Every structure is written in C-alpha cells, then in structure tokens.
Amino acid sequence: MHQLLKKHYWLQIALPVLLASLATWITLHPLVEVSYRTPYLMFFGVIFISSAYGGSRSSIIATVSCVLLSFLFIQPKYQPQSEIFGVANFIFLAEGLLLSGLFRRIEKIQQKLSESEQRFRGIIEKSAEGMLMTDQNGQISYLSPSVNILLGAQSGELVGTSIQSLLHPDERVAFDIQLEQLLKQEISEMEFLTRIKAKSGGWIWIEGTVMDLRKEQSISSLVFQYRDVTNRIELELQKEDFVQITSHELKTPVTSIKGFIQVLKKRHQKEEREQDIKIIERIENQSERLVHLIEDLLDVTRIKNGELPYHFSYLDLTTYLPEVIAAHEAIHQEHTFNFSTFGPALVYADKDRIAQVISNLLNNAIKYSPGKTTVEIKLSLEDGHIKTSITDQGIGIPAAQQERIFERFYRVSTLPKDAVNGLGIGLYISNEIVKRHGGEIAVSSKEGQGSEFWFRLAAG
Ligand code: ADP
C-alpha cells in the first residue's frame with residue numbers, strides 16, 4: 001500500500017477524500033445519526049490513516065476534505081446552533097493542519113536518517129576493507145559485500161557460520177586466546193593476522209582488528225574490520241626464504257676463508273713479515289664481522305622457526321661481564337668502558353646467548369656514539385632481578401621510534417647519512433633471547449644525548 005501510494009500521486013489524494021466522505025456518510029447515516037454532533041473523532045482517524053499511508057500531503061488533503069464535507073453536509077443539520085459548529089470546524093481545521101505540519105517534520109527527520117544510513121552503508125559496502133559482525137561465540141550475523149567477494153561466497157551464504165571455522169588451524173588457537181581476552185575486557189581492541197579460507201579452497205592472509213561493541217545498543221556485536229594482505233605476506237615469506245637460503249650458502253665459503261686466513265697468518269708470523277700480518281689481521285677482522293652477520297641472519301630464521309637452541313646453567317654476571325667487555329675494549333680503543341657492580345650477580349641463563357645480547361648492546365653503544373666517548377656498564381639488583389644497563393653518550397633515539405627498534409629489520413629513520421650500516425636485527429635477536437629467559441629489555445633515550453639500554457633477569 002505504501003509503495004502503491006508513493007508511485008501514484010492521485011491515490012494520495014483519492015484515499016483521504018474517500019475516507020473523509022465515508023466518515024461524513026457514517027456521521028449522517030440515520031442509524032448513527034446521533035454522532036453528527038461529534039464527527040471529529042472519526043475525522044482525526046481519517047487524518048491519521050491518510051498520513052500513515054500517504055504521508056503529510058494526504059493528511060492535509062484529509063483535513064481540508066473533512067472540513068469541506070462537514071461544512072457542506074453536516075453543518076446544515078446542526079440546527080439551531082450552526083455557528084458553534086462553524087467555530088468547531090474552524091478549530092478542527094487548525095488542529096488538522098498543525099498535525100499535518102508535525103507529520104511533515106517527522107517525514108523530514110526520517111528522510112535525513114535514512115539518507116545518512118544509506119551514506120554509511122554505502123561507505124561500508126563500497127569499501128575495499130572487509131567488515132563482519134559476530135556474536136560472542138563468533139557466529140557471523142553480517143558480512144560486508146567485499147568479504148563475500150574476497151572469499152568468493154554468495155551474499156548471505158556465510159551468515160550463521162562461525163568465524164573460527166574459516167580460520168587456518170595454525171592460527172586458530174592464538175586467535176581464540178586473544179578473543180577470550182577481548183571478551184573478558186583484558187584488552188580493549190584485538191589485532192590479528194591470520195589466514196582465512198576462500199571458497200576456492202585456497203588461503204587468504206587477512207590483517208585487522210576486532211572491537212567489542214556488544215554494549216552499544218544499536219550494534220551489540222563483535223565488529224571485525226580487515227584487509228587482504230596476501231600479497232604483502234607472500235613477499236615477506238619470499239624475502240625470508242631468500243635470507244635463509246643466502247645465509248646458508250654464504251656460511252660455508254666464509255668459514256673456509258676464515259680458516260685459510262689463519263693458515264696464511266701463521267705462515268707470515270713464522271717469516272716475521274709484520275707489514276703483511278697487519279693486512280691479514282684486517283682481513284681476519286672483516287671476515288669475523290661477516291661470520292657474525294651471517295650467524296645473526298641464521299638466528300632470525302631459527303627464532304622464527306622456534307629452533308634457536310638454549311643451554312641453561314648458573315652464571316655470575318659480575319665475573320662474566322668483564323670478559324665480554326674486554327673483547328670489545330681490545331677492538332675499540334677509542335672508547336672508554338666503565339664497569340660497576342653491586343656484588344655477585346647470579347642468574348640462570350644461557351651463557352653464550354647472554355654474551356650475544358651484551359655484545360649487541362655494546363656494539364650499538366659504540367656504533368651510534370661517534371668520537372671518543374664513554375660507555376657505562378652497570379649491574380644492579382632491583383626487586384629480585386639482576387639489571388644490566390649499558391649507557392652511551394651517542395646520537396640517541398627519537399621517542400616515537402623507541403618502541404619499534406626491537407622489531408625485525410627496523411632501523412631508526414633519522415639515522416645520519418654517514419651512520420654505520422646495519423641490518424636492524426641485533427635488537428630483535430636480543431629481545432627474543434631476553435624474553436626466552438623470562439626477562440625484559442627496554443631503552444630510555446634522548447635524541448642527541450645518548451641512550452640507556454637495559455635488561456632484567458630473575459636473580460638465581
Ligand atoms: P642495527 O644496529 O644493525 O641497525 P639493531 O637491531 O641493533 O640493528 O638496532 C636497531 C636500530 O636501533 C638501529 O638501526 C639504530 O637506529 C637504533 N639503535 C640501536 N642502538 C642504538 C644506540 N645505542 N644509540 C642510538 N641508536 C640505536
């Protein structure tokens with residue numbers, strides 16, 4: 001009926017006129033003749049019905065028709081006080097028009113609401129980002145069209161299925177744990193990177209966020225927003241494969257170069273050729289650097305695959321740290337190294353891995369502190385933890401990037417042009433090693449004034 005009235009304007013006129021005529025006829029019918037004194041209840045009914053189906057235009061026509069018809073047919077019957085009826089008619093006309101004005105306003109508000117809803121729906125539906133809503137068990141209640149396109153599904157086909165059933169088994173447990181945390185409000189927003197099953201049977205990498213909007217009355221769902229990152233992840237995987245294969249391939253020739261250099265050095269030492277020995281030592285240092293670099297790259301792959309081996313034992317950092325520092329002192333004579341401690345500092349740790357962390361931090365303290373500077377290495381006891389801090393007087397790190405420097409392959413973007421080269425993996429490896437020890441690592445730094453890197457391990 002609504003649609004019919006919308007399409008045919010003449011029906012918007014015909015309906016109120018018809019209803020008003022009917023009401024007038026009933027009022028004047030001999031059986032109910034007594035009601036001619038009070039036709040207005042029916043007339044208001046005519047206005048409401050007309051406005052409900054034909055909108056405010058119909059309600060105006062209804063008002064005018066009722067007034068005209070009652071003026072023409074009812075008023076003459078209203079003797080002897082027909083003037084009173086005339087006044088009542090006039091009041092009814094004013095009330096009817098007032099009501100119609102009210103209906104018009106409601107119509108306008110409704111129109112605005114539906115326009116804004118359509119605009120937002122359009123944005124969501126046309127957006128390349130996927131959006132879906134689920135209940136707290138992960139059962140899907142809404143999918144934006146881009147999700148259907150992405151997964152190759154028909155519209156509505158996936159409504160009612162659980163989001164978990166679409167996820168790759170390798171990522172499902174981690175996803176469920178995070179979702180649980182979100183539902184318990186331990187985290188306010190959940191970020192995820194996971195594979196999702198397409199209709200074709202293939203897997204698509206998606207990255208996004210989940211918001212718990214169950215308390216928002218108009219939404220009362222979990223809202224997932226995500227984008228397809230398959231190309232990026234595939235490129236990253238290719239990059240990782242490339243790094244892994246090349247570092248494996250490089251390791252063997254570099255190790256044998258190192259071996260041959262030592263043979264060469266011994267021969268020259270026998271013949272006491274000092275000049276040549278100096279050159280050979282430089283080659284030796286450089287090949288040593290290469291070996292470290294390759295080992296670091298291999299460690300990144302081992303960490304990713306959970307294959308970095310650890311051998312734990314009790315270790316006193318107070319006696320061990322000076323050994324590690326001495327090795328650096330021998331090479332970097334332009335820097336001064338100050339070591340201080342509070343007494344025996346026993347930890348349960350992997351000796352070589354901890355040496356790797358300290359060496360990374362010392363190397364950075366030297367690398368990013370041009371000129372003759374001092375590096376402070378301090379051991380202290382803090383809440384049952386042994387804290388090792390390494391403070392330099394170098395270039396420092398901008399506050400906004402301090403959190404990111406522990407990410408894989410991340411280097412500060414404002415590094416000076418002549419800064420030493422690096423791969424941005426030393427801190428990533430150090431962070432992983434400290435985490436594996438149940439400890440924490442952090443930095444506090446001021447640009448241009450130096451940095452303090454520290455890590456804490458439980459006292460043994
Ligand atoms: P690399 O030194 O090989 O680039 P790292 O993972 O060891 O990689 O360090 C990541 C980044 O953090 C560095 O590129 C550098 O920008 C910054 N950084 C690390 N240590 C220091 C430091 N002591 N002073 C200033 N910047 C540092």
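This is a predicted model: local features need pLDDT of at least 70, side-chain atom pairs count only at pLDDT 80 or more; totals for chains, interfaces and linings use all residues.
Helices α10 and α11 cross in a left-handed sense. Two packed helices are described by the angle between their axes and the distance between the axes.

**α10 and α11**

- The axes of α10 and helix α11, which covers residues 426–436, come within 9 Å and cross at roughly 145°.
- On the α10 side, the contact is made by Arg353, Gln356, Val357, Asn360, Leu361 and Asn364.
- On the α11 side, Gly426, Leu427, Ile429, Ser430, Ile433 and Val434 take part.
- Sorted by class, the residues of this contact between α10 and α11 are six nonpolar, five polar and one charged.

**α9 and α10**

- Helix α10 (residues 351–367) also packs with helix α9 (residues 317–331): their axes come within 10 Å and cross at roughly 50°.
- α9 and α10 are therefore oblique to each other.
- The crossing of α9 and α10 has a right-handed sense.
- From α9, the residues in contact are Leu317, Tyr320, Leu321, Val324, Ile325 and His328.
- They meet Lys351, Asp352, Ile354, Ala355, Ile358, Ser359, Leu362, Asn363 and Ile366 of α10.
- The contact of α9 with α10 comprises ten nonpolar, three polar and two charged residues.

- Helix α3 runs over residues 40–74, and its end C-alpha atoms are only 11 Å apart.
- A straight helix of 35 residues would span 51 Å, at 1.5 Å a residue.

**α2 and α3**

- The axes of helix α2 (residues 9–28) and α3 come within 7 Å, with a crossing angle of roughly 45°.
- That angle makes α2 oblique to α3.
- α2 and α3 cross in a right-handed sense.
- The contact of α2 with α3 contains 21 nonpolar residues, eight polar residues and one charged residue.

Methods: Residues are numbered from 1 along each chain as its sequence is written. Side-chain values use heavy atoms; hydrogens and water are left out. Axes are lines fitted to C-alpha atoms, for helices over the stretch in contact, and angles run from 0 to 180 degrees between N-to-C directions. Helices (H or I, at least four residues) and strands (E, at least two) are DSSP runs, numbered from the N terminus. Angles under 35 degrees count as roughly parallel, over 145 as roughly antiparallel, 65 to 115 as roughly perpendicular and the rest as oblique. A crossing is left-handed if the near helix is turned anticlockwise from the far one by less than a right angle, and right-handed if clockwise. Contact means heavy atoms within 4.5 Å. Ala, Val, Leu, Ile, Met, Phe, Trp, Tyr, Cys and Pro count as nonpolar, Asp, Glu, Lys and Arg as charged, and the others, Gly among them, as polar. The expected span of a helix is 1.5 Å times one less than its number of residues.
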